[in-house]
Amino acid sequence: MATTTTTTTADGGQLARTLTDVELLRELEPVAEAGLNQHLATTKDWSPHDYVPWSDGANYAAAGGREWDVDDSGISDLARVAMITNLLTEDNLPSYHRAIAESFTVDDAWGAWVNRWTVEENRHGTALRDYLVVTRAVDPVELERARMLQVTAGFSPGQQGQGTVGPESMLDTLVYVTFQELATRVSHRNTGRACDEPIADQLLKRVSADENLHMIFYRGVGAAALDLSPDRAIRAICRILSSFQMPGFSIPNFRRNAVKIAVGGIYDLRQHLDEVIMPVLRYWRIFERDDFTGEGLRLRDELAVFIAYTEVEADRFDESKARYLERDARKAQRLSARSSSQPV
Ligand SMILES: [Fe+2]
Ligand SMILES: [Fe+2]
């Protein structure tokens, strides 16, 4: 496969030029088709209703029952925050569908993938919402209010004051979704563990298995894109990784909750580097390839510097997290000593 294509000029000469997005999509279409077929052969069908303990449910006030109370929730504050963040992230599906349909088109195998992916993602939101509302794990009024805000704001990186970098090419989108699917897999899996409840754990295991298969599709097409146009692909990788934000970054209180989620071990910089960035870069053999040239080689060096810097930042975060947890444990000890010495 070739990095560039040639155009015949008016005087009959040949002019080498970089492939356009349309040409990249056409070249990669057989890879997308093979990836889709592989996905359909591997994925397991499942139903959201199988992961909801319906008999634990009760009517809310409007139907003659009672409103939600924080004491109803059988999961920790950390699990609640993570569950809400994960669900609101899934809820913004209309924006993601639009973004990937614009980048990948709705034609041929690309369109079939976009629709298949959308229907699977929709299942995630349905399953999580049913579970949370039936078990009264989170405040449903707050959840609905946040969903309205989140979906109304949409997901438009680089626009409407959201983040600084938006996708400029289909390669940017392809690279973003590869890392994002893997990040979501890690986050769902750890949220399931944090719930400390077997049905939630099973549900989130199931969802994270889907996210993994989505990542495998995008990672496979990404590998072909690197072979086809290595210098353009490495530019997309550098651009996306150096500004990476989870799609939920527009959720109300996202920053504050992201700190809780990181300190709680659901998703932090160390996991982002070790479980998301590095496995994909290794799969793509970024640091072993010999097909980068000029600007591509310079960008790979830049990527190495970025990884080294992220490594230092991750160490720093690990240390401050350890100090914070120590302080927190001492405080809890002091409080329990004080309450046991109080006269009854
Ligand atoms: Fe999902
Ligand atoms: Fe996914």
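The model is predicted, so to speak of local features a pLDDT of at least 70 is needed, side-chain atom pairs count only at pLDDT 80 or more, and totals for chains, interfaces and linings use all residues. Residues are numbered from 1 along each chain as its sequence is written, while chains are lettered from A and ligands numbered from 1 in the order in which they are written. The chain has 11 helices and two strands, where helices (H or I, at least four residues) and strands (E, at least two) are DSSP runs numbered from the N terminus.

**Overall layout**

- Going along the sequence, the pattern reads β-β-α-α-α-α-α-α-α-α-α-α-α.
- The C-alpha trace spans about 95 × 45 × 35 Å along its principal axes.
- Of the 344 residues, 34% count as buried. Here, buried means 20 or more other C-beta atoms within 10 Å of a residue's own, exposed means 12 or fewer, and partly exposed is in between, with C-beta atoms placed from the backbone.
- Take the contacts between residues at least 6 apart in sequence: 81% of them join residues at least 24 apart. Two residues are in contact if their C-beta atoms, placed from the backbone, lie within 7 Å.

**The nonpolar core**

- The largest nonpolar core holds 70 residues, and Met83, Phe179 and Ala225 touch the most other members. Helix H6 (residues 170-195) is the top contributor to this core, with 12 residues.
- A nonpolar core, in this sense, is a set of buried Ala, Val, Leu, Ile, Met, Phe, Trp, Tyr and Cys residues joined through C-beta atoms within 7 Å.
- As general background, nonpolar side chains tend to be buried together in soluble globular proteins.
- Met83 touches Leu128, Leu132, Ala137, Val138 and Thr191, once residues up to four places away in sequence are set aside.

**Where H2 meets H6**

- The axes of helix H2 (residues 77-91) and H6 come within 9 Å and cross at roughly 145 degrees. Those axes are lines fitted to C-alpha atoms, for helices over the stretch in contact, and angles run from 0 to 180 degrees between N-to-C directions.
- The H2 and H6 crossing is left-handed, a label used if the near helix is turned anticlockwise from the far one by less than a right angle (clockwise would be right-handed).
- On the H2 side sit Leu78, Ala79, Ala82, Met83 and Asn86, which meet Ser187, His188, Thr191, Ala194 and Cys195 of H6.
- The residues of this H2 and H6 contact split into six nonpolar, four polar and no charged. For that tally, Ala, Val, Leu, Ile, Met, Phe, Trp, Tyr, Cys and Pro are nonpolar, Asp, Glu, Lys and Arg are charged, and the others, Gly among them, are polar.

**The kink in H1**

- Helix H1 (residues 21-42) has a kink of about 45 degrees at Leu28, shortly before the proline Pro30. The bend at a residue is the angle between axes fitted to the seven residues ending there and the seven starting there.
- Leu28 is also one of the buried residues of H1, along with Leu24, Ala32 and Gly35.
- The buried residues of H1 pack against H4, H6 and helix H7 (198-228).

- Ile84 is in helix H2 and is buried, with 23 other C-beta atoms within 10 Å. Beyond four places in sequence, Ile84 touches Val138, Leu143 and Ala146.
- Val207 belongs to helix H7 and counts as buried because 28 other C-beta atoms lie within 10 Å. Its contacts, leaving aside neighbours within four places in sequence, are His124, Ala127 and His188.
- Outside four places in sequence, Arg232 is in contact with Thr18 and Leu171.

**Positive phi without glycine**

- Thr105 is not a glycine, yet has a positive phi of about 75 degrees. Thr105 is in the loop between helix H3 (93-104) and helix H4 (108-135), and is partly exposed, with 17 other C-beta atoms within 10 Å.
- Asp108 has a positive phi too, near 40 degrees. Asp108 lies in helix H4 and counts as partly exposed, with 14 C-beta neighbours inside 10 Å.
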